[in-house]
Amino acid sequence: MRLKDNFTFRTVRKKILMVSKLAGILLILSYILSTKLEIEPDISLAIWFAFVIAIVLVVDFLMGHFISNPISKLNQTARKMAKLDFSAPCTITTNDEFGELAVSLNTMADNLQQTLAKLEAANIQLEKDVEQERRLLTERKELTDQLSHEMKTPLGIIRAYAEGLQDEPDEDKKQKYAKIILMETERMSGLITTLLDLSALETGASRLIPERFDFVEFLETVAGRLLIDVPNANFELHYELPEHKAYVYTDKTRMEQVLDNLIVNAKKNVQPGGTLKLSLLEQSGVLHFSIYNQGTKIPQENLSKIWTKFYRDSNSKYSGSGLGLAIVAQILSMQELDFGVKNCSDGVEFYFSVSTVS
């Protein structure tokens with residue numbers, strides 16, 4: 001086994017020694033052969049010199065193959081790696097130190113590439129986290145400013161009527177003042193509750209709980225509850241609903257919030273004597289809900305703003321908190337449902353779509 005190892009080419013040192021020994025043997029043999037030939041000494045010397053040149057060329061080729069070329073490839077690969085270019089691995093496949101070094105370089109390149117990829121991903125995530133933090137700080141400041149603005153009016157009213165209660169001798173007026181204070185307190189309570197609900201949806205603290213239910217019957221129930229006073233209302237109601245069941249798989253409670261806000265918004269903004277139209281159409285496995293109210297249009301540049309917190313159109317008669325449509329947008333976005341609003345020829349239409357299930 002040891003004798004076999006002595007004649008293998010598993011190390012560069014052994015390759016050099018074998019080539020050197022082979023060159024020496026060939027030189028000696030060529031010299032002996034050239035001197036034994038029965039020819040002129042000058043010719044014999046010339047023949048031996050030719051042998052020497054051939055041996056030198058062979059040795060140079062072998063040294064280039066075993067040493068120079070691998071070193072050159074290793075150097076090129078190392079130079080690219082120094083520039084963080086790992087696209088071309090070292091292609092040396094010999095069973096010697098150069099081959100082992102090539103494998104080590106390629107392994108190091110893979111590890112560096114993976115580490116750099118992880119570092120880049122971590123940097124991107126860090127940038128996103130920083131941007132998210134900045135956005136949250138901005139939103140928190142805006143929310144504080146908006147909430148402070150919204151609270152000023154009811155707090156001012158409560159304070160004014162509370163002071164009036166202290167000095168008012170008329171019992172009827174005291175009852176009136178107390179009623180107004182209670183109304184404003186409920187208004188603030190509703191605002192805070194709605195805001196907390198929206199915040200829970202935005203942060204993921206409140207999760208959707210989908211279930212299967214008939215959306216047609218569900219819409220009839222919700223709309224019937226909100227439009228029960230239509231015979232005495234100062235507008236005309238039209239509706240179009242499927243005559244068959246249409247099942248969906250979504251959060252029933254949250255979808256009731258969506259319908260509540262959209263129907264109440266349309267009811268508040270329909271012009272006196274105008275038309276309010278509620279529609280639910282099924283097409284290719286999708287339910288398309290829409291509610292139209294005849295009345296003042298929303299300025300085109302403000303259509304995208306109505307989904308933001310505390311936004312209220314200056315032309316709107318709706319005197320709510322400005323959070324209803326923000327909740328609608330958040331709930332529908334969380335379910336990746338298509339929704340929107342558009343101006344019609346003489347009014348406004350809100351809409352959304354939801355897929356049916358069997």
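Residues count as buried under 20% relative accessible area, as exposed over 50% and as partly exposed in between (1.4 Å probe, protein chains only). The model is predicted: local features need pLDDT of at least 70 and side-chain atom pairs count only at pLDDT 80 or more, whereas totals for chains, interfaces and linings use all residues. Residues are numbered from 1 along each chain as its sequence is written, and side-chain values use heavy atoms, with hydrogens and water left out.

**View A. The aromatic pairs of Trp-307.** Rings of Phe, Tyr and Trp (its six-membered ring) pair if their centres lie within 6.5 Å; planes under 30 degrees apart count as stacked, over 60 as edge-to-face and the rest as tilted. Trp-307 and Phe-339 form an edge-to-face pair, with 5.1 Å from centre to centre and 85° between the planes. Trp-307 lies in the loop between strand 5 (286-294) and helix 8 (324-334) and Phe-339 in strand 6 (residues 339-343), so the pair ties together parts that are 32 residues apart in sequence. Helices (H or I, at least four residues) and strands (E, at least two) are DSSP runs, numbered from the N terminus. Phe-339 is partly exposed, at 22% relative accessibility. Trp-307 also forms an edge-to-face pair with Phe-350, at 5.8 Å centre to centre and 85° between the planes. Both Trp-307 and Phe-350 are buried.

**View B. The packing of helix 6 against helix 7.** Helix 6 (residues 215-226) and helix 7 (residues 252-269) pack at an angle of about 45°, with their axes 10 Å apart. Axes are lines fitted to C-alpha atoms, for helices over the stretch in contact, and angles run from 0 to 180 degrees between N-to-C directions. The two helices are therefore oblique to each other; angles under 35 degrees count as roughly parallel, over 145 as roughly antiparallel, 65 to 115 as roughly perpendicular and the rest as oblique. Contact (heavy atoms within 4.5 Å) involves residues including Phe-218 and Val-222 of helix 6 and Leu-259 and Ile-263 of helix 7.

**View C. The packing of helix 5 against helix 8.** The axes of helix 5 (residues 171-203) and helix 8 come within 10 Å and cross at roughly 25°. That angle makes helix 5 roughly parallel to helix 8. Among the residues that meet are Leu-198 and Leu-201 in helix 5 and Ile-327 and Ile-331 in helix 8.

**View D. A cluster of phenylalanine rings.** Ring pairs join Phe-213, Phe-215, Phe-218, Phe-289 and Phe-352 into a cluster. A search of the whole structure finds 8 aromatic pairs.
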